[in-house]
Amino acid sequence: MSSLSVYDYILVGAGTAGCVLADRLSQDENARVLLVEAGSATLPDAVTHPPAWPALAASAAGWGDVTVAQRGSGAPVAFPRGKGLGGSSAINAMVFARGHHTSYESWGDHGAKGWTFEDLLPYFQRSETAVSGATGRGSNGPLFVAPAAEPNEVLLACLNGAVEAGHRRAFDISGGLEEGFAPVDLNIVAGRRQSAADAYLTPALKRHNLDVVTDAVVHRLVFDGTRCTGVEYRAQGQVRTAAAAGEVVLTAGTVGSAQLLLRSGIGPERDLRRAQVDVFHALPGVGQNLHDHPRANLVYRAQRLVPAARNNHGEILGLLRSAPEADGPDVQIIFIDIPVPNPVAPVENGFTIGVSPLRPASRGTLRITSADPYAPPVIDPNYFSEEQDVQAVLSGITAARRIAWSSALAEWGIEEVSPGLSAVDRQSISDHARRYFGSYCHPVGTCMMGEDEVSVVDSALRVRGLDGLRVADAAVIPSIPSNNTNATVYAIAEKAADLLRGA
Ligand SMILES: Cc1cc2nc3c(=O)[nH]c(=O)nc-3n(C[C@H](O)[C@H](O)[C@H](O)COP(=O)(O)OP(=O)(O)OC[C@H]3O[C@@H](n4cnc5c(N)ncnc54)[C@H](O)[C@@H]3O)c2cc1C
């Protein structure tokens with residue numbers, strides 16, 4: 001329950017970015033900060049237990065979104081995102097890795113300045129204490145990150161198989177500088193998940209100048225002329241307004257931040273009219289440029305018993321190039337110590353090799369159907385609509401199979417169940433991947449940063465053409481980093497805190 005009536009900063013959404021900003025901005029004891037979160041302060045116990053994460057998206061800690069039917073499959077795809085303190089960082093798979101530095105080069109394509117890998121480096125470092133002590137990593141940040149101390153034996157066999165197949169053994173695959181295979185850093189401390197709420201928000205809650213309101217969906221933004229002066233939200237059955245003397249910062253995520261702009265009449269005129277929302281400020285890029293990493297899975301049955309998971313299931317991964325001439329790694333292979341559900345046959349004992357095109361060219365949209373804050377969004381990532389994404393996944397599947405056929409895995413007595421060895425030619429493999437992939441849960445891009453017409457926020461994350469309003473979360477990412485996204489969102493929020501404080 002909020003105790004102040006006017007705030008210097010109002011943050012909408014207590015996910016990865018919102019928790020960072022709530023902490024960093026409230027460090028100035030003269031700054032009055034309000035954090036409003038749609039979900040609960042109390043999350044299911046399973047949130048803390050790393051191997052339990054796959055069930056969380058369907059719990060009260062997730063929004064339960066699905067996409068529209070996708071072209072390759074004709075079916076909708078589950079599109080998980082977190083709800084509650086910590087947001088997606090409270091339900092995610094805890095892989096903590098920067099994108100490879102080459103993947104940030106395109107962030108300037110629409111004119112964004114100050115967002116190269118080198119520019120982000122101090123912010124990556126500020127967020128973390130990397131237990132490995134690897135060169136270029138942080139040593140004093142709130143997140144304590146480290147690779148699994150004792151990875152699952154089956155995953156170590158996969159790592160050995162990757163090296164046997166000719167891949168590089170990396171040292172620090174989380175640092176953004178290397179290619180090859182290695183155990184990846186995890187957001188796990190003493191056997192428990194460390195979410196953004198655990199690392200940043202909880203220690204800040206004692207501050208008198210920070211108010212946190214949960215179970216409160218922000219309906220729309222409030223304006224005086226072109227200046228955003230607050231938010232309207234519903235909590236405990238009542239609609240309330242919180243006033244901002246300074247700025248409103250959207251940290252509601254790739255879906256939530258775009259949805260809130262659209263509901264407030266900020267977006268492409270045609271889309272707004274179709275949803276019967278009055279156009280307040282035409283901004284054609286809102287909800288465009290939605291993209292994500294799709295992931296195809298190769299599921300193996302094993303004769304030898306796979307040890308029970310102790311961590312996040314995906315303790316080891318590799319970054320590789322789909323073709324030697326690629327600008328950087330554009331495929332991820334991740335080893336997973338359970339057989340994920342597959343369309344061919346049930347597997348009781350086994351493991352999975354996940355393959356994801358890391359630099360997808362496919363782009364989709366996020367739309368609303370009405371101004372109703374409780375109407376589900378229309379999510380269309382348009383997966384595999386570009387042939388280059390299909391080629392990248394094919395290349396990754398070929399590499400994954402070579403690893404599976406290595407002598408390092410022979411003693412596990414494995415059999416590929418899905419897609420299965422009847423899928424040998426390129427057409428049948430790509431048909432299978434396009435039909436049975438899932439979201440890797442890394443959506444970005446609906447409020448792209450840049451300085452051109454299709455950009456939603458400028459290089460300082462200010463919504464173009466309006467005052468007192470910024471977006472500072474995964475939505476601003478112009479093109480997805482070539483690894484899991486959370487570490488990048490932490491860095492964006494750390495930099496946003498400097499931008500807001502005028503540092
Ligand atoms: C199941 C899953 C697994 C993942 N695994 C990994 C992984 O292993 N490694 C990795 O790097 N990344 C992973 N990710 C992605 C990563 O967690 C996200 O990229 C990152 O957390 C996004 O941060 P964010 O701040 O942009 O949004 P979020 O963390 O999603 O936060 C947005 C917050 O805003 C709130 N909100 C939305 N709308 C409103 C509203 N109108 N009013 C009030 N509050 C609102 C939401 O409830 C949520 O709490 C995963 C994500 C999921 C869902």
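Nine helices and 23 strands make up the secondary structure of the chain in this predicted model. The radius of gyration is 22 Å, close to the 23 Å that the globule rule gives for 503 residues, so the chain is as compact as a globular protein of that length. Along the principal axes, the C-alpha trace spans about 65 × 45 × 40 Å.

The packing of the chain can be described from several sides. Buried residues account for 61% of the 503 residues. Of the contacts between residues at least 6 apart in sequence, 71% join residues at least 24 apart. The accessible surface of the chain comes to about 18,700 Å², and carbon and sulfur atoms contribute 50% of that area.

The shell around the ligand holds 38 residues, of which Thr-16, Glu-37, Ser-88, Val-95 and Asn-486 come nearest. By residue class, this shell divides into 17 nonpolar, 16 polar and five charged residues.

A backbone N or O atom of Ala-474 lies 3.0 Å from a ligand oxygen atom, and for Met-94 the corresponding distance from a backbone N or O atom to an oxygen atom of the ligand is 3.1 Å. In Gly-84, a backbone N or O atom is found 3.5 Å from an oxygen atom of the ligand. Taken on its own, the ligand has 1,000 Å² of accessible area, and the protein covers 96% of this.

Note on methods. Residues numbered from 1 in each chain as written. Predicted model: local features only at pLDDT ≥ 70, side-chain atom pairs only at ≥ 80, totals over all residues. Heavy atoms only, no water. Near = heavy atom within 4 Å. Polar contact = N/O pair within 3.5 Å; in protein donor to acceptor, adjacent residues only side chain to side chain. Areas by Shrake-Rupley, 256 points an atom, 1.4 Å probe, with all protein chains shown as cover. Nonpolar A, V, L, I, M, F, W, Y, C, P; charged D, E, K, R; others polar. Helix = DSSP H or I, 4+ residues; strand = E, 2+ residues; numbered from the N terminus. Rg over C-alpha atoms; globule rule 2.2 N^0.38 Å. Buried < 20%, exposed > 50% of the residue type's maximum accessible area, 1.4 Å probe, protein only. Contact = heavy atoms within 4.5 Å.
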